[in-house]
Amino acid sequence: DEGRVFNFAAGPATLPASVLKQAQAELYNWRGSGMSVMEMSHRGKEFLSVIQNAEASLRSLLNIPDDYAVLFLQGGATTQFSSVPLNLCKAGDAADYIVTGSWSDKAFKEGQKYCNAKVIWSGKSAKYTSLPQAGESSLTPGARFLHICANETIHGVEFKDYPTHLGDTLLVADMSSNFCSKPVDVSKFALIYAGAQKNVGPSGVTIVIVRKDLLGNAQPITPVMLDYKIQADNNSLYNTPPCYSIYICDLVFSDLLEKGGLEAAERRNIEKAKLLYDAIDSSNGFFKCPVKGEVRSLMNVPFTMETAELEASFLKEAAEQGMVQLKGHRSVGGIRASIYNAMPRAGIEKLVALMKSFQARHS
Ligand code: PMP
């Protein structure tokens with residue numbers, strides 16, 4: 001294991017060992033270019049081959065139709081909270097938000113600045129442990145888009161099916177924390193965005209997949225960097241992009257393709273998540289997951305124990321055994337295991353073994 005830990009962080013998160021090794025081997029002299037990717041001109045043929053290959057691999061992984069643009073942007077997923085309404089709405093347009101946790105709440109609050117944003121469903125009263133059931137929410141007439149967060153990283157709820165019957169309302173999804181964890185029918189969405197730093201790379205790059213016919217209508221106040229049309233016309237090279245982050249994404253995409261694409265990734269993720277949820281559910285209440293069965297995330301698994309002292313002692317033992325970053329988000333407490341694509345099954349097996357021995361010693 002060469003001193004590596006099992007890193008259960010929510011993001012930046014663990015990356016595939018093979019990708020890190022390849023990056024290490026190529027760091028000093030990238031493929032005979034005599035320099036690292038960090039030192040290259042973003043307009044040179046070497047880097048162009050990197051970003052073009054990254055886009056081609058992502059298109060193939062997600063089966064992205066030709067009438068969608070793929071953009072590699074900066075500012076994190078947080079910047080998309082404003083870019084989305086700036087590009088898709090006129091200032092007074094209605095736009096609907098389903099609020100299923102902290103991230104969709106933040107998207108809504110930022111969206112309010114640039115459109116007539118409305119929460120049409122909120123999981124807040126149930127402490128963000130559920131998703132809307134069919135018929136529980138209805139669109140505002142004329143709403144330009146409906147925004148959802150496909151996977152709430154802090155609360156651990158994940159959409160398994162997406163809203164349908166939207167008429168002319170555009171479906172927009174923040175997929176930051178489940179991007180490339182499973183196949184997605186891109187054609188159901190007007191726009192998908194995702195920060196890279198959970199499943200597909202380092203922080204610094206945010207991927208936007210947007211239907212091309214929606215480009216070119218940005219509000220006049222839209223900063224040039226946030227205008228999708230300008231970014232698309234310039235192949236994400238309007239200014240200096242986060243070259244090294246894009247390069248690592250390219251390696252991760254290739255790695256995912258080699259490992260059988262997103263169907264295979266989903267199979268692995270289902271198996272891994274099942275190991276952990278089964279351990280929680282078979283603990284006779286020693287470990288508790290607040291999220292209801294059907295909407296549990298395959299990526300972020302929150303759970304609690306009877307007391308904060310027990311949790312602290314569990315986290316300490318885990319760290320001693322090389323399992324780190326298991327503390328729940330500061331806003332909710334408890335434990336959270338983020339088990340993205342690159343978390344090996346062995347990491348979860350080790351966590352489950354500790355859970356069992358810890359319970360035996362404390363009950
Ligand atoms: N959306 C989701 C679902 C997230 O998990 C995060 C980050 N944890 C963000 C948005 C914000 O991303 P960033 O830090 O890249 O702005």
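**Around the ligand**

Guide: Sorted by class, the shell around the ligand has 3 nonpolar, 7 polar and 1 charged residues. Here Ala, Val, Leu, Ile, Met, Phe, Trp, Tyr, Cys and Pro count as nonpolar, Asp, Glu, Lys and Arg as charged, and the others, Gly among them, as polar. This is a predicted model, where local features need pLDDT of at least 70, side-chain atom pairs count only at pLDDT 80 or more, and totals for chains, interfaces and linings use all residues. Residues are numbered from 1 along each chain as its sequence is written.

Visitor: OK, which residues surround the ligand?

Guide: They are Gly11, Gly76, Ala77, Thr78, Trp103, Cys149, Thr153, Asp174, Ser176, Ser177 and Gly195. A residue is near the molecule if its C-beta atom, placed from the backbone, lies within 6 Å of it.

Visitor: And where does the largest share of the shell come from?

Guide: From α3, with 3 residues. Helices are DSSP runs of H or I with at least four residues, strands are runs of E with at least two, and both are numbered from the N terminus.

Visitor: Tell me about that helix. How many residues does α3 have, and how far does it reach?

Guide: α3 covers residues 76–88, so to speak 13 residues, and reaches 19 Å from its first C-alpha to its last. That is close to the 18 Å expected at 1.5 Å a residue, the expected span being 1.5 Å times one less than the number of residues.

Visitor: Where does α3 bend?

Guide: At Ser82, by about 30 degrees, and Pro85 follows within four residues. The bend is the angle between axes fitted to the seven residues ending there and the seven starting there.

Visitor: Which residues of α3 are buried?

Guide: Ala77, Gln80, Phe81, Ser83, Val84, Pro85, Leu86, Asn87 and Leu88. Buried takes 20 or more other C-beta atoms within 10 Å of the residue's own, exposed 12 or fewer, and partly exposed is in between, with C-beta atoms placed from the backbone.

Visitor: What about phi at Asn284 and Gln325?

Guide: Both are positive in a non-glycine residue: near 55 degrees for Asn284 and near 65 degrees for Gln325. Most residues other than glycine have a negative phi, and most peptide bonds are trans.

Visitor: Is Asn284 buried or exposed? And Gln325, buried or exposed?

Guide: Asn284 counts as exposed because it has 8 C-beta neighbours inside 10 Å. Gln325 has 20, so it counts as buried. Gln325 is in the loop between β12 (323–324) and β13 (335–338).

Visitor: New topic: what does Asn178 touch?

Guide: Ala150, Asn151, Glu158 and Met299, leaving out residues up to four places away in sequence. Contact means C-beta atoms, placed from the backbone, within 7 Å. Asn178 lies in the loop between β8 (170–174) and β9 (191–195), and is buried because 27 other C-beta atoms lie within 10 Å.

Visitor: Last one. How many helices and strands are there?

Guide: The protein has 9 helices and 13 strands. Its radius of gyration, taken over C-alpha atoms, is 21 Å, close to the 21 Å from the globule rule for 363 residues, so the protein is as compact as a globular protein of that length. That rule is 2.2 Å times the number of residues to the power 0.38.

Methods. Two residues are in contact if their C-beta atoms, placed from the backbone, lie within 7 Å.
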